[in-house]
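User: Hi! I am new to reading protein structures. Could you walk me through this one?

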Amino acid sequence: RSRPCTSLALAASSCEIFFPLRSLVTTRECLVCVCCVRVCLGDLFEMAALGFVIGGVLLVNEGRSKSRRVSILSEKGTKGVGFRSVRGRVVGIQCSAAGSGQSSAGQGSQRIVTPLGRTLKVGFYFGLWYFFNVVFNVLNKSTLNVWSYPWTLSLVQLGGGSLYCALLWILGLRQKPNVSWGLLRAMILPVLGHLGGHVLTCVSFSMVAISFSHVVKSAEPAFGAAAAALALREFYPWTVYASLIPIISGVALAAVTELTFTWAGFITALLSNVAFAARNVFSKITMKNYKDDPTLGSRNMYGLISIVAFLLELPMALIADRGIPKLIPATSSAVSPNTLLLYILSSAIMYHLYNESSYMALGQVSPVTFSVGNTVKRVIIIVASILVFKTKFLPLNAFGMIIALLGTFLYSWTKERASRKPA
């Protein structure tokens, strides 16, 4: 414990993203993943590298699936867009500012977007997303193990994101969103869904192993499909619904064989799926009039959601945790109050960073590709949590996890194939 984590120190000194952690790497107890005690942070950087590779692979796969659409656009002679090809293979997209009726050659500005450059960019975003998410989950569980106040912890995490976005808007570093009373009214239901999902996830983490919570949360597609059918009257082919069977079966098998199983932890994880599915449905219903506003991009919307969710949760957290909890770790832990405070604040930082990076990744790929990447991320979190916390599990439990996660892959694949079919 007395040695600082070398890999974290290197990152803190070379990357501005880690500036809040510079003062932590020389503390007696290294922060991230109960550092240097259970697992080296080098493993986490390897996971970030894995995310980089996975992001590139997913993007290449997505590019192949779109090759037919590219050839169609090229044949039609889309205005202002040209496709560079070598031996019939698309190697770049040439964009031109030439107007209608003008030749793109020599008119306006041109730029080439190469697949290699975009692959590196997407891989970088996926790497950040995976890294921040793994660190956040480890920090979250480490904090809840010694300070079981999930409502207050989730409130601080929302507050950190709210403060970050507000500062960016005030300092002019990000375009300010156009906020109106109509927008705030439209946001209430999606915000309640987001708030419920986040709080219930934290509550579940405080009661059961992270690996088990994420296995249960892998059933989110089942709740999403049910919510879309009931509320939006959106129906998929039978193959999509059939792919939900292994998800449900795997979660059920993992639940009955989980050594840390508690009904409260299981139910709160399930209810978080319901809340997030409701958030997505409510967003489609109430926010449709604001989707074309250029100031309400995904990151600005996330900032607004964080602020409103923070304000709504504040009185709830005070009631649930009976005021402001004292920074007194559990007596059985060797964590000092100062270190506990660093745990809490750093989990808030990581929570916002992983959400920001996920939105950056989503902006570069299709929703289906992002869904597949999200499933891979969940696998990495489960493996990392088992390694960090030395979670014990039975063979049948591991088999249930694998079945559920493979079912999530199958769901994404069948849904993508269904979306390709003409209406």
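This is a predicted model: local features need pLDDT of at least 70, side-chain atom pairs count only at pLDDT 80 or more; totals for chains, interfaces and linings use all residues.

User: Let's begin with two helices. At what angle do helix H6 and helix H7 pack?

Analyst: Two packed helices are described by the angle between their axes and the distance between the axes. Here helix H6 covers residues 181-205 and helix H7 covers residues 210-217, and their axes are 9 Å apart. The packing angle is about 140 degrees.

User: Which word describes how H6 lies relative to H7?

Analyst: The angle between these helices is about 140 degrees. An angle has to be over 145 degrees to count as roughly antiparallel. That is why H6 is described, relative to H7, as oblique.

User: Which residues of H7 make the contact with H6?

Analyst: On the H6 side, the contact is made by Thr201, Ser204 and Phe205. By class, the contact has two nonpolar, four polar and one charged residues. The H7 side is made by Ile210, Ser213, His214 and Lys217.

User: How many residues of H7 are buried?

Analyst: Buried here means under 20% relative accessible area. Among the buried residues of H7 are Phe212, Val215 and Val216. H7 is mostly covered, and the buried count is eight of its eight residues.

User: Now for charges. Which side chain of opposite charge is nearest to Glu220?

Analyst: Glu220 is in helix H8, residues 220-231. Leaving aside neighbours within four places in sequence, Glu220 is in contact with Asn273, Phe276 and Arg378. Glu220 is buried yet has no salt bridge: a bridge needs nitrogen and oxygen within 4 Å, while the nearest side chain of opposite charge is 4.4 Å away. That side chain belongs to Arg378.

User: How many salt bridges does the model have by this rule?

Analyst: Side chains of opposite charge can pair when their charged atoms come close. One of the pairs is Glu234 with Lys284, at 3.7 Å from N to O. Glu234 lies in the loop between H8 and helix H9 and Lys284 in helix H11, so this pair ties together parts that are 50 residues apart in sequence. By this rule the salt bridge count is three.

User: Last one! How far is the C-alpha atom of Ala361 from that of Leu128?

Analyst: Ala361 is in helix H13, residues 337-362, and at 0% relative accessibility Ala361 counts as buried. Not counting residues up to four places away in sequence, Ala361 touches Tyr125, Phe126, Trp129 and Phe370. Ala361 and Leu128 are 233 residues apart along the chain, and their C-alpha atoms are separated by 9.1 Å.

Conventions: Residues are numbered from 1 along each chain as its sequence is written. Side-chain values use heavy atoms; hydrogens and water are left out. Axes are lines fitted to C-alpha atoms, for helices over the stretch in contact, and angles run from 0 to 180 degrees between N-to-C directions. Helices (H or I, at least four residues) and strands (E, at least two) are DSSP runs, numbered from the N terminus. Angles under 35 degrees count as roughly parallel, over 145 as roughly antiparallel, 65 to 115 as roughly perpendicular and the rest as oblique. Contact means heavy atoms within 4.5 Å. Ala, Val, Leu, Ile, Met, Phe, Trp, Tyr, Cys and Pro count as nonpolar, Asp, Glu, Lys and Arg as charged, and the others, Gly among them, as polar. Buried means under 20% relative accessible area, exposed over 50%, partly exposed in between (1.4 Å probe, protein chains only). Lys and Arg count as positive and Asp and Glu as negative; His and the chain ends are not counted.
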